[in-house]
Each structure stands twice: as C-alpha cells, then as structure tokens.
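Here is a short briefing to read alongside the model. Take a moment to bring up the view, and then we will walk through two spots.

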Amino acid sequence: MTSTCPTIFALSSGRPPAAIAVVRVSGPHAGAALKALVGRMPQPRQATLARVRDPQNGEVIDEALALWFPAPHSETGEDVAELQLHGGQAVIAGVLEALSKIEGCRMAEPGEFTRRAFENGKLDLTEVEGLADLIAAETQAQRRQAFRQLKGLIGDRAEAWRRRLIEALALVEARIDFADESDVPENLVEPALRAARGLREEIAQSLADAGRGERLRDGLVVAIAGPPNAGKSTLLNRLARREAAIVSPFPGTTRDVIEVHLDLAGYPVTLLDTAGIRASADPVEREGVRRAQARAAAADLVLWMTDASAIGGVAESQVHWPPGAEVWSLANKIDLVTRTTSARNESENRAPAKQRINRSFTISASTGRGIDGLATALASYAAAYFSATESALVTRARHRRALEEVAAALDRALGQGEGGREELIAEDLRAAATTLGRLTGRVDVEDILDVIFRDFCIGK
Ligand code: GDP
C-alpha cells in the first residue's frame, strides 16, 4: 500500500444500540486519526482508556478503549487503530463524523478491510472465503469447517501442490532449454511425470468427497413430499417450531416450496415443504408442483408423507424420486387411525414406492406423537452424512472447478507420456500451476475478487 492509498474507517461491530461498538481505522493516516481523536498514541497492542474528542471543537464524545496496531502486524497489514466505544447511535455517529473530517480518511466499503488484508498477503483467497463462511456460519459443524479453511486448510495444500508442480515444470524446462548440453541428464521428464501422477491422485482424493464440504455450507436438503393434505406443512412447522408454512384443511394450498433452515445437533439441514404433488388444472398450482418436483429432485433425503387415515394412495407415475436420495416413509395422522382403517390403508398408502423406502415412521404431526424419534433420526442421518467432512478440502464450487481443471491439465500431461513432446508437457504443467495459483489468489484474479468481497459487510 502506498501513502496515497486512502485510510478507511467503519463500525466493525453489530447493529447499535449495544453495550460496545468497535470502530476500526486502517491505512497510512490511521495513527494521525487516532491521535487527533484521543490526543496521544497508545502503546502498540495495549488497551488504553482514553477520552475521545471531536478534533474540531474539542468536545468529549465518549470515553473508550483505544488500541494501536502499527503495520505490518495488524489484521490488514496496514496501520490500524481501533476504538471500543459505548455502543449508542449518537456516540457512533459522532465518532464516524469526526473521522470523516480527518484528511485522507473515508468510510470503508463492504469487505474493504479484508480486501486490504488479502492484498497485503495476510490472507489468501481461500482464507478470505473461510472468513466469510465463519461469519455466516449458523451451526457448529459449519463453524468448524469455516475455521479450518480460514486457517489455510485448502489454501496451504493448494500452495504446496503448486510448488511441487513448479519443481516438476522446472525439470521439463531444463530438459527443453539445455537439450544439447551433455551434462544435463536425459531422464528429467520421467521424475516430472512421476510427481504429476502423485499430485493427480491427491487431487482425485480431494474431489471424491461427493460435494459434502459444499453441502455443509448450504445444509443437507430434506424434502417433505406426499399427497395434498397429508400434513406436510404441519410437520414442517413442528420441526421448525414456528409458523413457517400455511397449514390449511383444504387440499392444494401450499402452492410454493417453503424452506426452513434447521440446526440438528450442530448440522445444518434445509427442510423443504413441497406443494401437494397431484395433477391439477390450475396453472398456479401446476407451477407449484413443477417447482416442488425440481427442488425435491435435488434433495438428499425425501420424507414421503401419507395420511394413514385416508383412503387411496398416489399413482406411482406422479412421484419423481431423486435418483440418489434416501426415502423415509412417514405415516401421518396416526391419532385418527383405528385398527380397521389402518389395516385397510396399509397396502394402498405404501405400495407406490415400497422398493425405495429406507425407513418407516408412524407419526402424528399435529399431536407430536413420534416427532422426537423422527427428529433424532434426522440428526443422526445428518451427523453420519457430514462425518466425512471433517477433512473436506473443497467447500465451494469455485474450488471444485479449479481442482477439476488442474486434474484435466495433469491428465493431458500424463497422456503425453515419457516419449511425449516436452513443450506440450511443460505447457500443461504450467496451466495446472496457474490454476492452483488462481485458487489461492496468487495470480490473475481481479475478475473473481469483486464477487468474493462484495458478500462481506462494511467494517469487515
Ligand atoms: P399438506 O397439504 O400436506 O401440507 O397438509 P397440512 O399440513 O396443511 O395439513 C392438512 C390438514 O391435516 C390440516 O387440517 C392439519 O391440521 C391436519 N393434520 C396434519 N397432521 C395431522 C395429524 O397428525 N393428525 C390430525 N388429526 N390432523 C392432522
């Protein structure tokens, strides 16, 4: 950062009013700004109690803890000043106003502090993403994954891979550049390809986690499906413990897909209530059915709900089971079932999908009977599903695409084989290294930076 770079400031803590508000200042004028507000420079990295004054008229705005982190040992890598103020609206407004009048200082844009940390080499791009995920994490499993990424789990691995690739590339290039010289060994391509093969295997392992790291960010998708009026919305509300879906005694009123995010024993689960799956002449309802089927088609688990007290089932042709999903059958409204109706409906209600049913539950969504057992089963299913993510490297589609590209380039290089053209092998190894560099943000990433940083809030 040059000294012409603007000094930025922002409220970095949550929405006021609150007990404490943290205002951060970063950039070449941060020291001058701090001195203008509190009258002196605190010892580096030591909390100091100080009166904060408006530099223009000397009026005391608040008493605060002031902190001073001289570059480069700060979060952004620049000079950073931090004030821990009382978290009132007027206090914060007064301090931000005073800062805006100091020369060279302006309000920060969303993600600008983190962007500076990235530009000063404090965080690589995957770590920036980990930080964004940590702030967005809603469950403990998401938090753990985000924290691992913030601490460089994938970034460090990608960088180590890139170094190994560059070493392999150097061997091939030495062979090309000094082909005529007698003291350069002939067999440089073979060790380079051996290194590429090892790397290819490690990348294949990272890609083989079936997208579970990515799923952990978004949540396991559980779709509640079944005929209208079976009690799907009632179940969703009971599991979500709030009125998220409209419960109606008339068939076909849940016209859209309603989703709620649940934290089940620390794992994120997105629960979808799909519109009544049935043939309909009403175009609005048909659209609801289409969306329901599309969302349910991407589900990891389908809860197929039927009304155990009703007569008749659903024709198999109307049911679109997601190919890879597990299916649990839920016989609902068990409170209405007498021994005779139960016997009569057993075959009709369950027949369509018998071969796909992995587990069966008998519940009453309205009285709550059997719901605890179902919730426990869902939590263990999520825990088992995500157990492999403890070591997941790939947490975003961006990572997956990059690693797939690297694998393809390595395959091309390996396809050349030892007798292949050295120039072509070198080109593919170089492409693979460049792609890894883009993953961590070391090379050529301007276009993706804006996308990543705009998701941050101001003050981060
Ligand atoms: P959906 O169309 O599948 O979403 O069904 P709803 O959740 O809207 O429920 C349809 C009707 O069945 C409503 O009147 C609910 O109160 C009722 N209902 C849902 N679950 C139960 C249950 O377990 N027992 C009884 N007796 N009624 C239920």
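Which residue in β4 does T48 stand opposite? T48 faces A66. This is a predicted model, in which local features need pLDDT of at least 70, side-chain atom pairs count only at pLDDT 80 or more, and totals for chains, interfaces and linings use all residues. Residues are numbered from 1 along each chain as its sequence is written, and side-chain values use heavy atoms, with hydrogens and water left out.

**The sheet**

- Six strands form an open sheet in the order β3-β4-β5-β2-β1-β6, with mixed pairing (strands are DSSP runs of E, at least two residues, numbered from the N terminus; two strands pair if DSSP finds at least two bridges between them).
- β3 (48-53) and β6 (105-107) are the edge strands, each with a single partner strand, so one side of each has no neighbour in the sheet.
- From one strand to the next, the twist averages 30° (axes are lines fitted to C-alpha atoms, for helices over the stretch in contact, and angles run from 0 to 180 degrees between N-to-C directions).
- β3 and β4 (residues 60-69) run antiparallel and are joined by six bridges.

**Around T435**

- T435 lies in helix α14 (residues 422-440) (helices are DSSP runs of H or I, at least four residues).
- T435 counts as buried because its relative accessibility is 5% (buried means under 20% relative accessible area, with a 1.4 Å probe and protein chains only).
- Beyond its neighbours within four places in sequence, T435 is in contact with A402, E405 and V406 (contact means heavy atoms within 4.5 Å).
- The side chains of T435 and E405 make a polar contact at 3.4 Å (a pair of N or O atoms within 3.5 Å; within protein, one must be able to donate a hydrogen and the other to accept it, and residues adjacent in sequence count only if both atoms are side-chain atoms).

Technical notes
Buried < 20%, exposed > 50% of the residue type's maximum accessible area, 1.4 Å probe, protein only.
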